[in-house]
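Please read it with the structure open.

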Amino acid sequence: MAAVELEWIPETLYNTAISAVVDNYIRSRRDIRSLPENIQFDVYYKLYQQGRLCQLGSEFCELEVFGKVLRALDKRHLLHHCFQALMDHGVKVASVLAYSFSRRCSYIAESDAAVKEKAIQVGFVLGGFLSDAGWYSDAEKVFLSCLQLCTLHDEMPHWFRAVECCVRLLHVRNGNCKYHLGEETFKLAQTYMDKLSKHGQQANKAALYGELCALLFAKSHYDEAYRWCIEAMKEITAGLPVRVVVDVLRQASKACVVKREFKKAEQLIKHAVYLARDHFGSKHPKYSDTLLDYGFYLLNVDNICQSVAIYQAALDIRQSVFGGKNIHVATAHEDLAYSSYVHQYSSGKFDNALFHAERAIGIITHILPEDHLLLASSKRVKALILEEIAIDCHNKETEQRLLQEAHDLHLSSLQLAKKAFGEFNVQTAKHYGNLGRLYQSMRKFKEAEEMHIKAIQIKEQLLGQEDYEVALSVGHLASLYNYDMNQYENAEKLYLRSIAIGKKLFGEGYSGLEYDYRGLIKLYNSIGNYEKVFEYHNVLSNWNRLRDRQYSVTDALEDVNTSPQSTEEVVQSFLIAQNVEGPSC
């Protein structure tokens, strides 16, 4: 009988042996720890599969055991499954391991350098895993302990280690929105770089500069982020770890996007996606990282439909690796929520967007404090969605309830942003603009005008007169003047300004132009200028035909399956273009 016809297929001898060991786990526990790491992990994974999480937790909470399991590198994605299951089960394995490592470091402070070096190596692997898994606070504790060990010896090898430690520490502080501490970490890394330089030594700065770019980007210091991404690109050399190269390309692409350098951004992010898939595989978290940034690029170049597909692919990967209640999954839900909201804005079908926004908030509040900055953007997205649902609602009581909930979410987001970034920041300005739109929906027109003007003033000072963000706020103020305050002359000027910026940045087929064109049609109808009404009906018809032709065929994932250039060629192309154009900030 052919194997495919069997209703039952026997397990391999190896799996049978693993099952037998697990069946006798209590008696075999000590012997299991002496097995090679791959076999030892398979025993623990079988415990996980059988739902024996208390026993698995007791094993993983021991630093020696978990340190050995971490050496089974080809099992890393399965280890993430086990680890997340324990965290979901209430076993605080991340904090237990971080605390155990910290105590060990304090015990060996007086030991010789070799003992400390071995501990630092263990810490880098443990902290790296915790960071990859999204448990940033615990990873930070591990890296701080490593850094403390590095500072005990004022010698060149320890300076190199301290720089490496600072890079890792900066990464987790960025991930946990501890930007002030991140800036201090960068300055500390620079002091060690200077020490090395004075002794004729150089550490590669690509990863450090890439992390600084990420920090500055998060704080909306876009000019500085762009400048440092250039410095990071200059540091990409042969032999640099692929993970570092991918991360630098990702950060540089995002910096280019917000500077509206779309051709550069496209080249960088497409190569990052290709590189991550080729090196790590299509199910790896690093590949999902690149997809999220690819989605960000697509959303910003107005390829909204494809951005939704890419964000969904990234979420699928993260859910398959980390499960449900994980911060990496939450951020993917949030990105998908916003892109879905933009994609379905005209249709008014926001169920999917709302689902993902609520999932993001639910996960973050389960893991982090209620005043954590990561909640600001998730709450903002949910508020935007609720406002649109309220506008389309035919029940006045439900409409008022939804608008009030959206108002509370926007105010909470604004307070979190002001606390983190201050008044004079793009993120704060965005929240003012969102409140302006909401107050318009709540028929509080003076408050709406005040919020929009405040948003425009901040954005213009930070981003310039012709930035996309400025155009958004200008268009929203135009809508307020047109539909609710009968200030048609002011509204016309603002609409035309918004249209001019949109066309300059994105071309004639930019999706945001629809709302400005429809606004002008309504405006000219209101003042009886029917010649202009006819003109803009034609403009809108031409726009619709252009939109039908745009992005109709391209599959964004198929587009990155190959790369026409090597990494060296991509880097050189970027730097040559930069030298030709000169500094942009």
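**A buried tyrosine and the overall fold**

Tyr524 has a relative accessibility of 2% and therefore counts as buried, the cut-off being under 20%. The model in which this value was computed is a predicted one.

**Surroundings of Tyr524**

- Tyr524 belongs to helix H26, which covers residues 513–527.
- Leaving aside residues up to four places away in sequence, Tyr524 touches Glu492, Asn529, Lys532, Val533 and Tyr536.
- Between the C-alpha atoms of Tyr524 and Phe534, which lie 10 residues apart along the chain, the separation is 9.4 Å.

**The chain as a whole**

- The radius of gyration of the protein chain is 27 Å, which agrees with the value near 25 Å that a compact globule of 585 residues would have.
- Along the principal axes, the C-alpha trace of the protein chain spans about 90 × 70 × 45 Å.
- Of the 585 residues in the protein chain, 52% are buried.
- Among contacts in the protein chain with a separation of 6 or more, 67% are between residues 24 or more positions apart.

**Helices H18 and H20**

- Helix H18 (residues 327–343) packs against helix H20 (residues 374–391) at an angle of about 30 degrees, and their axes are 10 Å apart.
- Because angles under 35 degrees count as roughly parallel, H18 is roughly parallel to H20, and H18 passes H20 in a left-handed crossing.
- On the H18 side the contact is made by Ile327, Glu334, Ala337, Tyr338 and Tyr341, while H20 contributes Leu374, Ser377, Ser378, Arg380, Val381, Leu384, Ile385 and Glu388.
- The residues of this contact of H18 with H20 divide into 8 nonpolar, 2 polar and 3 charged.

**Helices H6 and H8**

- The axes of helix H6 (residues 76–89) and helix H8 (residues 113–132) cross at roughly 70 degrees and come within 11 Å.
- Because angles of 65 to 115 degrees count as roughly perpendicular, H6 is roughly perpendicular to H8, and the crossing of H6 and H8 is right-handed.
- H6 makes the contact through Arg76, Leu79, His80 and Phe83, and H8 through Phe129, Leu130 and Asp132.
- The residues in the contact of H6 with H8 comprise 4 nonpolar, 1 polar and 2 charged.

Definitions and conventions
Residues are numbered from 1 along each chain as its sequence is written. This is a predicted model: local features need pLDDT of at least 70, side-chain atom pairs count only at pLDDT 80 or more; totals for chains, interfaces and linings use all residues. Side-chain values use heavy atoms; hydrogens and water are left out. Axes are lines fitted to C-alpha atoms, for helices over the stretch in contact, and angles run from 0 to 180 degrees between N-to-C directions. Helices (H or I, at least four residues) and strands (E, at least two) are DSSP runs, numbered from the N terminus. Angles under 35 degrees count as roughly parallel, over 145 as roughly antiparallel, 65 to 115 as roughly perpendicular and the rest as oblique. A crossing is left-handed if the near helix is turned anticlockwise from the far one by less than a right angle, and right-handed if clockwise. Contact means heavy atoms within 4.5 Å. Ala, Val, Leu, Ile, Met, Phe, Trp, Tyr, Cys and Pro count as nonpolar, Asp, Glu, Lys and Arg as charged, and the others, Gly among them, as polar. The radius of gyration is taken over C-alpha atoms; the globule rule is 2.2 Å times the number of residues to the power 0.38. Buried means under 20% relative accessible area, exposed over 50%, partly exposed in between (1.4 Å probe, protein chains only).
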